Amino acid sequence: TAEMAGFIKKERGRFRLTRNGEQASSKGMNGKSFLDLFKAYTRKFNWAYRDRFPKLDIIQNSFLFTLFCLHRFGDVARPGKFYADLFLRAFPKVLDEVPGVQYQSPEEEVRRCFSIRALERFAGFFGFAEVRWPDQLRLGMPIEVLKKPLLDLWIRFNTG
């Protein structure tokens, strides 16, 4: 992702920092650097590369829906299932993309995938949400999600 965002470059089999990467490394992330990383992670990097779930592109392509749901409901800690259910209601056709799995329903497969990709590895990773597990096992669900102040500072939704 850092390469896609323009922070590093591979030359002769080794990574080296670009000018933007050197600035981010020495001075910290500024708004432009954060936006570059955000765009690379949401539009270029394939989230499905990090897990063994089906491709389900709609989870990544609906990243703004995820952020809007966190913006609207995230002031109170809620289970990840709450957000996954909102996602399923908004995008019910995703169930058609889930191959048959014997040990869980397509709905449960989507809930787990959404929870990991959108909540934990996207919203949590970028600091838009705090993702908490009730125990140390971290087996995907159940989790609790709470919006962090960065979300409202960084992005505004106008629904008027």
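**Notebook: strands, core and buried charges**

I started with a bridge: Arg-78 has Val-145 as its bridge partner in strand 5. I note that this is a predicted model, where local features need pLDDT of at least 70, side-chain atom pairs count only at pLDDT 80 or more, and totals for chains, interfaces and linings use all residues. Residues are numbered from 1 along each chain as its sequence is written, and side-chain values use heavy atoms, with hydrogens and water left out.

**Entry 1: the open sheet**

I checked my terms before going on. Two strands pair if DSSP finds at least two bridges between them. Helices (H or I, at least four residues) and strands (E, at least two) are DSSP runs, numbered from the N terminus.

I followed strand 5 along. Glu-144 in strand 5 is the bridge partner of Pro-79. Two bridges join strand 3 to strand 5 (residues 144-147), and these strands run antiparallel.

Then I looked at the other partner. Strand 4 pairs with strand 5 over four bridges, also in the antiparallel sense. Glu-130 stands opposite Leu-146 in strand 5.

In what order do the three strands of the open sheet stand? I read the order as 3-5-4, with antiparallel pairing. Strand 3 (78-79) and strand 4 stand at the edges with a single partner strand each, so one side of each has no neighbour in the sheet.

Next I looked at the two faces of strand 5. Val-145 and Lys-147 make up its covered face. Glu-144 and Leu-146 make up the uncovered one. I recalled a general point: in a regular strand the side chains alternate between the two faces of the sheet.

**Entry 2: the hairpin**

I moved to strand 1 (residues 8-11) and strand 2 (residues 14-17). They run antiparallel, and four bridges join them. I looked up two of the pairs. Lys-10 stands opposite Phe-15 in strand 2. Glu-11 has Arg-14 as its bridge partner in strand 2.

How many residues lie between strand 1 and strand 2 in the hairpin? I found two. Arg-12, in the turn, has a positive phi of about 55°.

**Entry 3: the nonpolar core**

I needed two more cut-offs here. Buried means under 20% relative accessible area, exposed over 50%, and partly exposed in between (1.4 Å probe, protein chains only). A nonpolar core is a set of buried Ala, Val, Leu, Ile, Met, Phe, Trp, Tyr and Cys residues joined through side-chain atoms within 4.5 Å.

Which residues touch the most other members of the largest nonpolar core? They are Phe-122 and Phe-128, in a core of 40 residues. The elements giving two or more residues to this core are helix 2 (31-44), helix 4 (63-73), helix 5 (80-90), helix 6 (106-124) and strand 4 (129-132). Helix 6 supplies the largest share, eight residues. In soluble globular proteins, nonpolar side chains tend to be buried together.

I listed the contacts of Phe-122 (contact means heavy atoms within 4.5 Å). Leaving aside neighbours within four places in sequence, Phe-122 is in contact with residues including Phe-38, Trp-47, Leu-67, Arg-117 and Phe-128.

I went on to Leu-67, which is found in helix 4. Leu-67 counts as buried because its relative accessibility is 0%. With neighbours within four places in sequence left aside, its contacts are Phe-38, Phe-122, Phe-128, Leu-151, Ile-155 and Phe-157. I also took one distance: the C-alpha atoms of Leu-67 and Ala-129 are 9.2 Å apart, with 62 residues separating them along the chain.

Is Asp-36 buried or exposed? It counts as buried, because its relative accessibility is 19%. Asp-36 lies in helix 2. Not counting residues up to four places away in sequence, Asp-36 touches Ala-5 and Phe-7.

I then turned to Arg-111 in helix 6. Arg-111 counts as buried at 15% relative accessibility. Its C-alpha atom is 7.9 Å from that of Leu-88, 23 residues away along the chain.

**Entry 4: the whole chain**

Last, I stepped back. I counted seven helices and five strands in the protein chain. From the N terminus on, the elements run β-β-α-α-α-α-β-α-α-β-β-α. The C-alpha trace spans about 45 × 40 × 35 Å along its principal axes. Of the 160 residues, 39% count as buried. Among contacts between residues at least 6 apart in sequence, 57% join residues at least 24 apart.
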